[in-house]
Amino acid sequence: MAGGMKMYGKHRFPGRLFIVEGIDGSGKSTQLSLLNKWLQAEGYVVYFSEWNSSPLVHDVTKRGKKKKMLTPMTFSLIHATDFADRTEHHIIPPLKAGAVVLADRYIYTAFARDVVRGVSPKWVRDLYAFAVKPTVGFYFRTPLDVAMKRILGGRDAIKYYEAGMDIGLSDDLEESFRFFQARIIDEYEKMVEEFGLVSIDATRSIEDQQAEVRRIVSDALTGTKKTRIRRWLDLASLAKGSRI
Amino acid sequence: MAGFGFFGEGLPDIDLDELKGKLIVLEGTDGVGRSTHIGLLKEWLENHGHAVLDTGMTRSALAGKRLKQAKEGHTLGGITMSLFYATDFADRLESEIIPALRAGFIVLTDRYIYSLMARAIVRGADPEWLREVYGFALKPDAIFYLRLNIDDLVTRVLQSTGFDYWESGMDLHMGEDMYESFVRYQKWLLAEFDKMVETFGFTVVDASGSVEEVFENLRQRVELVAQRNGY
């Protein structure tokens, strides 16, 4: 932290930060991985930032969830701790180096989730004031029913905290999940304007959404560093069929 | 007098009127004798019929163990460490301190948010940000700041445990050796504590006397707080 602590909107780095937000089943991860492929093929230095980076913080989160020890406050704080680690180790260094950093979910996930759990909206925004403001934050807007169909189709069982079971909306896991996600959507909708998120209509085809995302990202990439040698191998593999 | 309050944006779902106990904080740099006095005060209060909970930093069921490891490994960044401590504190506040206050206990705590803030500030965290983050903390009934000047502190530490890596702020690379680093680091912490005296209403207790003298001073003040009627 040498040199003092920079606040949201005050960081100045040569790199670019693109993040995606949206409820489970909005298709945001698919869109981000397609964007990743394209940026790499274009020769950008891309860094994909994963959640839960530090094993120490990760252990506390996992144990807290497993034993159901987390209150809305400690849930919020342990995730902020994890996010701080990610910021200090996996977001700021690559941005300083001029990379394009991609993140699946960002601080807005925490704002939505924690506020639904009863935490003060002002407090949680202050808590994350150290976060780097993204170059573009995409919000994949999805009606709840569409997202529910995608989720209930083919994923693992819904987890206790994901369904907001800790705040007692319903005793039924699926019903609680539905109520919880509906409230999360309300919070996202409020944030679109507050943080200038770019909404993408996630009911459109994957291809149409990706074309729009690439157009917006492309506009924000002027002057960004590329690797000297174009990645012909990647291009070759893309040509074989993974290209959309 | 009024009951408890929060510093800023408080905890969700807490009814402050239910908190009948007293929250008493002992603050001060490393080596001023906080834990000795907590032990003595606890015994004295219990002999006088008060139920006492004594608690300290990094002891939470949720994060205490991992936080100790993080400290030893010193691989986490400054903001991450500050928030890890805040998580640990929130867990103790919600699962130990508040339930004890609800049951009418006197809670004696060895350090509180002030030490956490001072340590984070010397590691570069923004003071305003820290105050907002710790807005969920309860305002204590009394904060006793055990104060020693730097020379007395060095003597005291040499006589007991010697210089410790962390208490010397060696992670900040402030001096050529442990002694130099300890002096600079603790001086800096002292300056931060001194700034907080007025802001947070610390009662300064001179910690340079004998254990008996300091304890007698503290005991009289704690007695007044314990007798104070909450409502």
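Axes here are lines fitted to C-alpha atoms, for helices over the stretch in contact, and angles run from 0 to 180 degrees between N-to-C directions. Helices (H or I, at least four residues) are DSSP runs numbered from the N terminus. This is a predicted model, in which local features need pLDDT of at least 70 and side-chain atom pairs count only at pLDDT 80 or more, while totals for chains, interfaces and linings use all residues. Residues are numbered from 1 along each chain as its sequence is written, and chains are lettered from A in the order in which they are written.

I begin between the chains. The axes of helix 3 of chain A and helix 3 of chain B cross at roughly 170 degrees and come within 8 Å. These two helices are therefore roughly antiparallel (an angle over 145 degrees). Among the residues that meet there are Leu77(A) and Ala84(A) from chain A, and Leu83(B) and Ala90(B) from chain B; contact requires C-beta atoms, placed from the backbone, within 7 Å.

The contact of the chains as a whole takes 32 residues from chain A and 31 residues from chain B. On the side of chain B that touches chain A, helix 3 of chain B gives the most, with ten residues.

Within chain A, helix 3 (residues 72–96) packs with helix 4 (residues 107–116) at an angle of about 175 degrees, their axes 11 Å apart. Helix 3 of chain A and helix 4 of chain A are therefore also roughly antiparallel.

Terms used:
Contact = placed C-beta atoms within 7 Å. Parallel < 35°, antiparallel > 145°, perpendicular 65-115°, else oblique.
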